[in-house]
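Good morning, colleagues, and thank you for the time.

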Amino acid sequence: MVARVWSLMRFLIKGSVAGGAVYLVYDQELLGPSDKSEAALRKAEEVVPPAMYQFSQYVCQQTGLEMPQLPAPPKINFPNFRDSWNSGIISVMAALSVAPTKAREYSKEGWEYVKEHTK
């Protein structure tokens with residue numbers, strides 16, 4: 001009985017986290033224009049480190065444990081990151097768009113090769 005309740009609780013917690021993530025992405029319009037995504041990332045860079053520090057201080061007070069100071073997060077140069085991301089997406093989409101044509105060409109070449117070598 002306890003195992004079933006525990007597995008149901010795990011499922012509900014995971015579902016809540018996943019639902020919250022989907023809601024956050026939709027609410028912050030992260031799948032829209034890259035300008036809004038960059039703004040959300042900059043906002044997260046400003047908010048997350050102080051929140052992590054406050055949480056670690058809270059845990060230290062509650063448990064009596066000493067936690068080492070976390071290293072500073074790396075700085076990301078946004079314009080280069082965006083250009084690299086966009087060029088990667090463009091390359092993948094270009095490869096996917098020509099995949100059927102290339103598959104037909106390669107299968108035709110393979111068939112001709114097999115015909116020549118089986119005579």
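I shall go through the overall fold, then the helices in order, and finally the salt bridge.

Please bear in mind throughout that this is a predicted model. The protein chain contains three helices and zero strands, so its elements, read from the N terminus, run α-α-α. How much of the protein chain is buried? Of its 119 residues, 4% are buried. The accessible surface of the protein chain comes to about 10900 Å², and carbon and sulfur atoms supply 66% of that area.

The UniProt record, an unreviewed entry, places a signal peptide at residues 1-18. In the model, that span is 94% helix and 0% strand, and its end C-alpha atoms are 26 Å apart. Met1 sits in the segment before α1, which covers residues 2-27. With a relative accessible area of 79%, Met1 is exposed, because the threshold for that class is over 50%. Met1 also belongs to a nonpolar patch on the surface.

Helix α1 itself has 26 residues. From first C-alpha to last it reaches 37 Å, close to the 38 Å expected at 1.5 Å a residue. After α1 comes Glu29, whose phi is positive, near 55°.

Helix α2 takes in residues 34-63, which is 30 residues. Its first and last C-alpha atoms span 42 Å, close to the expected 44 Å. Where does α2 bend? The bend is at Val47 and amounts to about 25°, and a proline, Pro49, follows within four residues. Four residues of α2 are listed as buried: Glu38, Ala40, Ser56 and Cys60. Tyr53, also in helix α2, counts as partly exposed, at 42% relative accessibility. Between Tyr53 and Gln69 the C-alpha distance is 8.3 Å, while in sequence they are 16 residues apart. Just after α2, Gly64 adopts a positive phi of about 80°.

How many salt bridges does a search of the whole structure find? The search finds one. The partners are Glu105 and Lys102, and their closest N and O atoms lie 3.9 Å apart. This pair meets the criterion because a salt bridge requires such atoms to be within 4 Å. In general, side chains of opposite charge can pair when their charged atoms come close.

Both Glu105 and Lys102 lie in helix α3, residues 78-118, three residues apart, or about one turn of the helix. An α-helix has 3.6 residues a turn, so residues three or four places apart point the same way.

To close, I return to two points. The protein chain of this predicted model has three helices, and the salt bridge found in it joins Glu105 to Lys102. Thank you for your attention.

Key. Residues numbered from 1 in each chain as written. Predicted model: local features only at pLDDT ≥ 70, side-chain atom pairs only at ≥ 80, totals over all residues. Heavy atoms only, no water. UniProt positions renumbered as here; feature names shortened; annotations may be inferred. Helix = DSSP H or I, 4+ residues; strand = E, 2+ residues; numbered from the N terminus. Salt bridge = Lys/Arg side-chain N within 4 Å of Asp/Glu carboxyl O. Patch = residues over 30% accessible without salt bridge, like charges linked within 9 Å, V, L, I, M, F, W, Y side chains within 5 Å. Areas by Shrake-Rupley, 256 points an atom, 1.4 Å probe, with all protein chains shown as cover. Buried < 20%, exposed > 50% of the residue type's maximum accessible area, 1.4 Å probe, protein only. Expected span 1.5 Å × (residues − 1). Bend = angle between axes of the 7 residues up to and from the residue.
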